[in-house]
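Trainee: I am new to this structure and would like to know the grounds for each term used about it.
Mentor: Then look at the structure and ask about the terms in turn.

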Amino acid sequence: MGRGKIFMLVALVLFAAGCTTGGTGEQAGNAGSAGGGRDGGAATARKKKGPNEQIFIGFLMDTLKEERWQRDKELVERRAKEVGARLSVQVANGIDSEQIKQAENLLSQKVDVLIVAPHNGEIAATIVEMAHREGVPVISYDRLIKNADVDLYVSHQVVKIGELQAAYLLKRAPKGNYVIVQGSATDNNARLLHEGQMNVLQPAVDRGDIKIVVDQAAREWLQSEALNIVENALTQVNNNVVAVVASNDGTARGAIQALDGQKLAGKVFVSGQDADLASLQLIVEGKQTMTIYKPLQPLAYGAVDSALKLARGETVQTNDTVDNGKKKVPSMLYEPQSVDKNNLVATVVKDGYQTLEKICEKVPAGQCPKADAAAAAITTAPQ
Ligand code: GAL
């Protein structure tokens with residue numbers, strides 16, 4: 001799957017300072033030093049789970065609005081079942097107070113470990129503090145929890161996603177007016193994506209090749225917000241736009257609706273992210289230019305497997321660290337991949353993420369990529 005990084009062992013510290021019960025000799029030293037750095041320094045000692053004890057995992061999700069999160073949920077459920085863990089999944093539907101309340105409830109039910117996909121990366125720091133007071137480790141899932149003593153972060157290389165989106169568009173549209181539709185300002189990923197997008201676009205702006213005429217955040221990653229942003233942008237520059245850097249597939253579809261309204265869909269290049277079925281259909285129709293495929297199975301399975309290890313006081317292998325403002329969080333970051341009409345068979349279809357039948361449901365057979373195209377690029381396909 002093209003991941004060439006050497007994995008290093010990072011000792012993850014699970015329990016509070018002064019915890020002496022059940023600790024292995026290997027863990028004890030680390031636990032002491034990192035426990036002292038815990039929020040408030042008042043974490044309660046918690047007995048580590050033995051190898052045969054069932055582990056109770058709480059998965060706090062922000063939303064199931066996008067197709068990808070429904071898959072994350074299913075995959076986490078499947079893995080938890082496979083490994084015999086007890087699992088409770090809670091969805092906050094974009095409400096921070098709800099997400100905090102759900103964390104409180106799970107902690108009062110004596111959850112052993114929390115996996116959190118935060119709605120608001122700043123506000124969710126409270127969840128980490130609450131959990132650590134009970135000696136419960138926290139895994140930040142897909143989106144980073146900021147300024148908190150997060151135990152582990154599992155995600156994809158988000159800056160790289162932004163770079164891939166922008167690089168693809170810049171290749172197809174090297175000159176002209178660009179619109180950027182960012183993700184939700186509450187989501188750290190939106191910021192990282194924008195950073196990646198600008199890494200690639202800024203030199204072209206500086207050369208005078210492209211001009212970013214509008215650069216706005218779509219509240220809550222809403223398609224309807226993206227529709228408004230792009231509609232207004234088109235009005236502002238008299239439809240003179242060559243590319244829309246949409247940060248995910250939902251916002252891409254909003255952008256395409258706006259372009260459709262001006263008979264520009266298919267003429268203006270549009271990026272995306274998530275390999276949603278609806279967007280892959282637009283890709284074969286020629287209305288969306290590309291998306292980013294993020295294999296979710298390693299993420300979801302990795303989170304569950306790591307949760308078990310954290311609850312047992314074992315170490316977790318990571319391949320990176322990400323600074324969240326408080327610490328360098330040990331991180332497991334998976335590789336994203338650009339997907340367009342030419343390689344969708346070799347990537348999302350080959351992986352079983354989507355089927356070619358469904359992707360091509362709305363187009364005449366001639367417009368559908370050939371199934372055997374998979375053979376051509378197998379070596380580049382992710383797991
Ligand atoms: C991001 C996530 C994307 C997309 C978006 C909207 O944090 O990385 O895959 O789903 O949220 O929920």
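The questions below take up the terms used for this predicted model.

Trainee: How many helices and strands are there in the protein?
Mentor: The protein has 12 helices and 15 strands. Of its 383 residues, 50% count as buried.

Trainee: Why is Met332 called buried?
Mentor: A residue is buried if 20 or more other C-beta atoms lie within 10 Å of its own. Met332 has 22 other C-beta atoms within 10 Å, so Met332 is buried.

Trainee: Where does Met332 lie, and which residues is Met332 in contact with, leaving aside neighbours within four places in sequence?
Mentor: Met332 is part of strand S14. With those neighbours left aside, its contacts are Val154, Gly302, Thr318 and Asn319. The C-alpha atoms of Met332 and Thr321 are 7.9 Å apart, although 11 residues separate the two along the chain.

Trainee: What makes S13 and S14 a pair?
Mentor: Two strands pair if DSSP finds at least two bridges between them. Strand S13 (residues 320–323) and strand S14 (residues 328–334) are joined by 4 bridges, so they count as a pair. The two strands run antiparallel, and Val322 stands opposite Val329 in S14. Their hairpin has 4 residues between the strands, and Gly325 there takes a positive phi near 95°.

Trainee: What is the strand order of the open sheet of 7 strands?
Mentor: The order is S3-S2-S4-S5-S6-S14-S13, and the pairing is mixed. Strand S3 (86–91) and S13 are called edge strands on the ground that each pairs on one side only. From one strand to the next, the twist averages 25°.

Trainee: How do you know that S2 and S4 pair?
Mentor: The test is again at least two bridges. Strand S2 (residues 56–61) and strand S4 (residues 113–116) have 4 bridges, so they pass. These two strands run parallel, with Gly58 opposite Leu114 in S4. Helix H2 (residues 67–82) packs on this sheet and touches S2 and S3, its direction making about 165° with that of S3. Helix H3 (residues 96–108) also packs on the sheet, touching S2, S3 and S4, at about 175° to the direction of S2.

Trainee: Which strands form the open sheet of 4 strands, and which are its edge strands?
Mentor: The order is S8-S7-S9-S10, with parallel pairing. The edge strands are strand S8 (210–217) and strand S10 (269–270), each of which pairs on one side only. Strand S7 (residues 176–182) and S8 are parallel over 7 bridges, and Gln182 stands opposite Ala217 in S8. Helix H6 (residues 188–206) lies across S7, S8 and strand S9 (243–246), at about 165° to S8. Helix H7 (residues 223–236) touches S7, S8 and S9 as it packs on the sheet, and its direction makes about 145° with that of S8.

Trainee: Which residues surround the ligand, and how do they divide by class?
Mentor: Among them are Thr63, Glu66, Arg68, Asp142, Arg143, Asp187, Trp221 and Asp274. The shell has 1 nonpolar, 5 polar and 6 charged residues.

Trainee: Which domains does the shell draw on?
Mentor: At least three residues come from each of domain 1 (3–156 + 295–333) and domain 2 (159–294 + 337–376).

Key:
Residues numbered from 1 in each chain as written. Predicted model: local features only at pLDDT ≥ 70, side-chain atom pairs only at ≥ 80, totals over all residues. Near = placed C-beta within 6 Å. Nonpolar A, V, L, I, M, F, W, Y, C, P; charged D, E, K, R; others polar. Domains from an automatic or database assignment. Axes fitted to C-alpha atoms, helices over the stretch in contact; angles between N-to-C directions. Contact = placed C-beta atoms within 7 Å. Buried ≥ 20, exposed ≤ 12 C-beta atoms within 10 Å, placed from the backbone.
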